[in-house]
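The exercises below concern backbone geometry. Work through each task before reading its solution.

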Amino acid sequence: MSEPRIVTPRAPTTAPTEAAVAVGTLEDFEMDPLLDVGTAMWAVVFAGGIGTRFWPLSTPQRPKQLLPLVNERPLIADTVARLSPLVPAERVLIVTSADIVDALHEAIPEVPRGNMLVEPRPLGTAAALAWGAHEVARRAGPDTVFVALHADLAVGYPDVLRDTLRRAAALAANEPQLVALGATPTRPETGFGYLQPAALVDPFVSRAEGGACHVEHFVEKPTATLADVLIEKGALWNTGIFVWRARVVLEELKQHTGELQHAWTKLEQGEMTTFAELVTSVSIDRGLLERTRRLVVLPADFAWDDVGTWASLRRVRELDDFGNGVMGQAHCIDCTGNVIHADGTCVVAYGISGMIVVSLAGLTFVTTQERATELAPLLNALPGSLRSNPGGPPIG
């Protein structure tokens, strides 16, 4: 694991309050009555990558975003559905890759095909954000507020999420701020980012009342010991859900994310193939959050979690009376605390605890929840055909 990085931005600069700007759109979208900030919100969803931690179910042909891991719907369909009606499907842009765009669109036919932004090559989330923000600005105006988020998040209370997005939109519409939604930590998780709140944005709205705070520093993937310290000091998890104006986030990316500088002109000219060739891949966390001075965090409790590994599904799936998170046809006898996923097969589990069981035609994968957090050693030890085509014809 890489060393944790603690980044302390300089104190936020004082800027005149900017009035919320009513945004016109090229398609003349009707103003959303649920949004009280004078703007129609858009969304940019990052849906690239395969998700090797969900092997053997996740493959290049069927990546994580297309899997029904939390409930019966694919993750991408869950993501689009939880934004509605605050952000209707016609205002959702999906950044993805050419090899899965058809399958993604089949899973979310309500999103117009023209809203699928197909990367010429994997860009990294900072460059993907720049493209999405540029496209929102082009279609709906540079002061349009939009939410940026990943397709592999679990949300227990979608209504609370939408209410939080409304409050975040009000903040972003009235000040040139980058608003990150923060979740209260429940464990010293080393795979998440942590946002350390500082001064309140509005001194009359306390943090206990849901008031936003300027971010004192951002820590990406701390050690367990440092995570404990951060939690003790009141840090919040970075949910990977952000709200900002297109113009503001583009300005911040242009100023702080040097990995995109050589390609910026090509982005503005709409030459995406050349843009993709010139950018250096970097995440939003490293390329922007660690460097900007305009970051604020809005605390919220909508039962957020990251759908990152098989083990994470025990936290986000509906559990039976014995703590088993089961998907598909399975019979659990004297079993406790397992994750079982049966894809087109039947699983019978007897007397096991704390296990991961994934079964599909031609292959069954069994491990402990502890070992399921990192599958790279397993995949490196397997024949290539079994890694990429699990359940396929026998090898050798």
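**Exercise 1.** In which loop is Pro56 found?

Solution. This is a predicted model, in which local features need pLDDT of at least 70, side-chain atom pairs count only at pLDDT 80 or more, and totals for chains, interfaces and linings use all residues. Residues are numbered from 1 along each chain as its sequence is written, and side-chain values use heavy atoms, with hydrogens and water left out. Pro56 sits in the loop between strand S2 (42–46) and helix H1 (75–83). Helices (H or I, at least four residues) and strands (E, at least two) are DSSP runs, numbered from the N terminus. Next, take the bond: Trp55 and Pro56 are joined by a cis peptide bond with omega of about 5°.

**Exercise 2.** Locate Pro85 and state the geometry of the peptide bond from Ser84 to Pro85.

Solution. Start with the place: Pro85 belongs to the loop between H1 and strand S3 (92–97). Then read omega, which is near 5° for the bond from Ser84 to Pro85, a cis peptide bond.

**Exercise 3.** What is the phi of Lys221, and is this residue buried or partly exposed?

Solution. Phi of Lys221 is positive, about 50°, although the residue is not a glycine. Lys221 lies in the loop between strand S9 (213–220) and helix H5 (224–232). Its relative accessible area is 36%, so Lys221 is partly exposed. Buried means under 20% relative accessible area, exposed over 50%, and partly exposed in between (1.4 Å probe, protein chains only).
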